[in-house]
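Biologist: I am new to this structure and would like to go through parts of it with you. Please put it up first, and then I will ask.

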Amino acid sequence: MTELRERASRIRLVIFDVDGVLTDGSLFLGDDGQEYKAFNSRDGHGMVLLQESGIRLAVITGRTSNVVQMRMESLGVSDIFQGYRHKLPAYEQLKQRHGLTDEQIAYVGDDVIDLPVMRRVGLAIAVADADPRVRDLAHWRTTVPGGRGAAREVCEFILDAQGRLEPLLASYT
């Protein structure tokens with residue numbers, strides 16, 4: 001656990017997959033072709049807390065959806081990469097844009113599409129219900145599934161490892 005907390009203490013950017021991580025992976029399609037997704041509001045607040053502490057956020061997702069754009073913008077996330085079935089190019093752009101090393105980046109994933117990036121980052125995280133190959137590669141796994149508080153758990157773990165969680169939460173007591 002000490003090595004894991006050490007990895008988390010170096011994180012300056014957290015990259016989330018969307019489907020299966022920020023959502024439970026369900027896709028709701030209307031007769032008109034409109035796509036709907038359900039996001040957990042506590043996950044969103046965790047993401048806001050991370051940003052308030054100075055940690056950058058990004059998403060890289062294989063699908064493209066207006067609702068993802070809207071949700072991420074509402075949370076203040078400006079690094080949004082959609083339609084990236086091969087995620088390494090987006091990862092490299094983020095790393096270069098923000099002048100970071102692999103060790104300063106965490107990635108949260110759930111499926112095999114996430115493995116190439118997870119092999120590179122300093123902190124690879126799998127949600128509890130991730131594909132077994134993703135769980136095996138991860139440095140750490142959440143205790144709850146994607147879309148059900150996993151992102152909040154990630155945010156609080158990183159903030160706690162950096163000694164920032166309690167000061168942030170103190171403003172609510």
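Biologist: Which residue in S7 is the bridge partner of Tyr107?

Modeller: Keep in mind that this is a predicted model. Strand S6 (residues 105-109) and S7 run parallel and are joined by 4 bridges. Tyr107 has its bridge partner in S7, and that partner is Ala124.

Biologist: Which residues of strand S7 point the other way from Leu123 and Ile125?

Modeller: In a regular strand the side chains alternate between the two faces of the sheet. Strand S7 covers residues 123-126, and its residues are buried whichever way they point. Leu123 and Ile125 point one way, and the other way point Ala124 and Ala126.

Biologist: What is the handedness of the β-α-β crossover from S7 to S8?

Modeller: S7 pairs with strand S8 (residues 140-141) in the parallel sense, over 2 bridges. Between S7 and S8 the chain passes through helix H6 (residues 132-137), and the crossover is right-handed.

Biologist: How are the rings of Phe81 and Tyr84 arranged, stacked or edge-to-face?

Modeller: The count of aromatic pairs comes to 2. For Phe81 and Tyr84 the ring centres are 5.5 Å apart and the planes stand at 80°. Planes over 60 degrees apart fall in one class, so the Phe81 and Tyr84 pair is edge-to-face.

Biologist: Is Tyr84 buried or partly exposed?

Modeller: Phe81 has 6% relative accessibility and therefore counts as buried. The cut-off for buried is under 20%. Tyr84 has a relative accessible area of 23%, so Tyr84 is partly exposed.

Biologist: How many residues apart in sequence are the parts that the pair of Trp140 and Phe157 ties together?

Modeller: The rings of Trp140 and Phe157 have centres 4.5 Å apart and planes at 20°, so this pair is stacked. Both Trp140 and Phe157 are buried. Trp140 belongs to strand S8 and Phe157 to helix H7 (residues 150-161), so the pair links parts whose separation in sequence is 17 residues.

Biologist: At roughly what angle do the axes of helix H1 and H7 cross?

Modeller: Residues of H1 that meet H7 are Leu4, Arg5, Ala8 and Ser9. On the H7 side they meet Phe157, Ile158, Asp160 and Ala161. H1 (residues 2-9) is roughly perpendicular to H7, because angles of 65 to 115 degrees count that way. The two axes come within 8 Å, and their crossing angle is roughly 90°.

Methods. Residues are numbered from 1 along each chain as its sequence is written. This is a predicted model: local features need pLDDT of at least 70, side-chain atom pairs count only at pLDDT 80 or more; totals for chains, interfaces and linings use all residues. Side-chain values use heavy atoms; hydrogens and water are left out. Buried means under 20% relative accessible area, exposed over 50%, partly exposed in between (1.4 Å probe, protein chains only). Two strands pair if DSSP finds at least two bridges between them. A crossover is right-handed if, with the strands pointing away from the viewer, the path from the first strand over the helix to the second runs clockwise. Rings of Phe, Tyr and Trp (its six-membered ring) pair if their centres lie within 6.5 Å; planes under 30 degrees apart count as stacked, over 60 as edge-to-face and the rest as tilted. Axes are lines fitted to C-alpha atoms, for helices over the stretch in contact, and angles run from 0 to 180 degrees between N-to-C directions. Angles under 35 degrees count as roughly parallel, over 145 as roughly antiparallel, 65 to 115 as roughly perpendicular and the rest as oblique. Contact means heavy atoms within 4.5 Å.
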